[in-house]
Amino acid sequence: MMDCVSDRLTIPADVIVDEVLEIPLTPTSLKLSMNSADRSNRANLQTIDFDPFVDGELLLAAPATASQQEIWLGVQISHEANLACILAQSLQIVGLLNVAVLQAAIRQLISRHESLRTTFSGDGMTILIAKEVTFELSISDLSALGTSDRAAEIDRDQHQSVSEPFDLQHGPLFRARLLRLADREHLLIFAVHHIVCDGWSLGVIVSDLAKIYTALNRGLLPELGQPAYFSEYAFWQQSQVGAPETIATAAYWLQRFAELPPGLDLPTDYPRPPLRTFNADRAYHTLPANLVKRIEKLGIENGCSLMTTLLSAFEILLFKLTGQTDVTVGVPTSGQIAAGQYNLVGHCVNFLPLRSRIDPTIAFSAYLRSRNSEILDDYEHQNFTFGSLLQKLAIPRDASRIPLVSTVFNLDLDGGGSKSTFDELTTKLTVNPGAFATFEFFLNGATTASGNLDLDCQYNSNLFRAISIQRRLGEFENLLTQIVATPDRPLHQLSLLSAAQAQQLLVDWNATQTDYPQSQCVDRLFEQQVALAGDAVALVFESQ
């Protein structure tokens, strides 16, 4: 069962998606089913004209999607599992901010998107969408504090954004807080539960907020067009159950895992606890632009996207670390793309377990080409849920780990909410790292305007030390450097060591030869050493 995927796609809604994401779209008929026939489902929604909750009038109810039900079940595991599903970001704002307009813009944002007004029934099977919710932006003035005290308060508020759990039944599942740092400097901290939002949605939220704020600040009405309704998406998902395409998709994945792969056993620093834990930390590493360009060039030469090239290299990294040639990596994909609803806010992420069988004797270029066709096939069958696959597979359950997939890879291409323009303001968007995570090892790459690739690794701190994860990221760069230099080199000859590290380990540290006096016998030299350190341990064998 999948709890939640900490995906962080931040591409704004108004970009041309199929040019940016480099992944195949599903057939046109799939889009049409959302845009025409299934839109009629909205007429069948049940409108409730009484007040069942003190929080406000209920507009309508719709079935929770299968992915939402998986998250709802996962959250029941523990307090930490709930916190692992919080998505939080901070928007740094420089300029003359109109706070009243910002608050009005957030209210319109909440009114526009059903997911930001959603709670769940007690059994997690139904989403309940309020007609309207009361929102007051929490504001703290830190401008009078000294630099160190202000930094400490910012850290406290950012930590609180990811450490305060959401109540899925009573809500709200979206919250925001504004910190005034100086006359022309503010920090907007907002958080939302993953059960009503995903990484794609975060990009839509920031993009829409910027457009609404800009229009209101200029005394205009925002021109965003008709919003996409998550309730329609939920009914469409329900209508797909039992459809021929859904049955064929399930059969495809069952075939892919007809023979179960072994669990991926990354080398850990600590013994694996008997029960699964969620404690997490993050490590960061940047791949330089010149290396990224060479990776892109290698991909183009083999007819592959940057995502496919990096994912294939990541699979080889796992092979090198574990010695396993049957590797499964989780990859989050956007359900908004599959449905053709690019401005939809909600939990629409699809989680694909991409399986690879590695032949160590072939070259990386040959491996890359073979993986490209397999990955494209997997993406063509992305309209399914990870949980539904697990239900159909006879996987022995292990209380210490997620079945089938423990490692996740994702790529965000440059163009996130940080590019959204607020009227006469300069903004910068950053992620608030949480202390809990679902997966053991989640590597997220993000391209930047400068051409670098920023690696953000979220890892289970009950299994790995920070220094080990930092070493893994360095080894990934070493591997990529060797791959672009010699793409036709057999996989088993690739190394995780840089040239300098290899020199140190294989040559420098092995330079142990010593010149001994030629005039004395070995027994005499031994007696001299006994006189110097007679009580020192010379050899240990079976604890003696």
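Modeller: Let's start with terms: buried means under 20% relative accessible area, exposed over 50% and partly exposed in between (1.4 Å probe, protein chains only). The model is predicted: local features need pLDDT of at least 70, side-chain atom pairs count only at pLDDT 80 or more, and totals for chains, interfaces and linings use all residues. Numbering runs from 1 along each chain as its sequence is written, and side-chain values use heavy atoms, without hydrogens and water.

Colleague: Thanks! Is Glu 424 buried or exposed?

Modeller: Glu 424 sits in the loop between S12 and strand S13 (426-431); helices (H or I, at least four residues) and strands (E, at least two) are DSSP runs numbered from the N terminus. Its phi is positive, about 60°, although Glu 424 is not a glycine. With a relative accessible area of 71%, Glu 424 is exposed.

Colleague: And Leu 404, buried or exposed?

Modeller: Leu 404 belongs to the loop between helix H14 (386-392) and S12. Leu 404 also has a positive phi, near 75°, in a residue other than glycine. Most residues other than glycine have a negative phi. At a relative accessible area of 17%, Leu 404 is buried.

Colleague: Where does Phe 441 lie, the ring partner of Phe 314?

Modeller: The whole structure holds 12 aromatic pairs, where rings of Phe, Tyr and Trp (its six-membered ring) pair if their centres lie within 6.5 Å, and planes count as stacked under 30 degrees apart, edge-to-face over 60 and tilted otherwise. Phe 314 and Phe 441 have ring centres 6.2 Å apart and planes at 20°, so they are stacked. The pair ties together parts 127 residues apart in sequence, because Phe 314 is in helix H11 and Phe 441 is in strand S14 (residues 441-447).

Colleague: How many of the residues of helix H3 are buried?

Modeller: Among the buried residues of H3 are Gln 68, Ile 71 and Trp 72. Helix H3 (residues 66-75) is largely enclosed by the rest of the structure, because its buried residues number 7 of the 10.

Colleague: How far is the backbone oxygen of Trp 72 from a polar atom of the side chain of Gln 76?

Modeller: Gln 76 is in the loop between H3 and helix H4 (79-83). Its relative accessibility of 45% makes Gln 76 partly exposed. Its side chain places a polar atom from the backbone oxygen of Trp 72 at a distance of 2.7 Å.

Colleague: Last one: what is omega for the peptide bond joining Gly 171 and Pro 172?

Modeller: Pro 172 is located in the loop between helix H6 (147-163) and strand S7 (174-182). Most peptide bonds are trans. The bond that joins Gly 171 and Pro 172 is cis, with omega about -5°.

Notes: A polar contact is a pair of N or O atoms within 3.5 Å; within protein, one must be able to donate a hydrogen and the other to accept it, and residues adjacent in sequence count only if both atoms are side-chain atoms.
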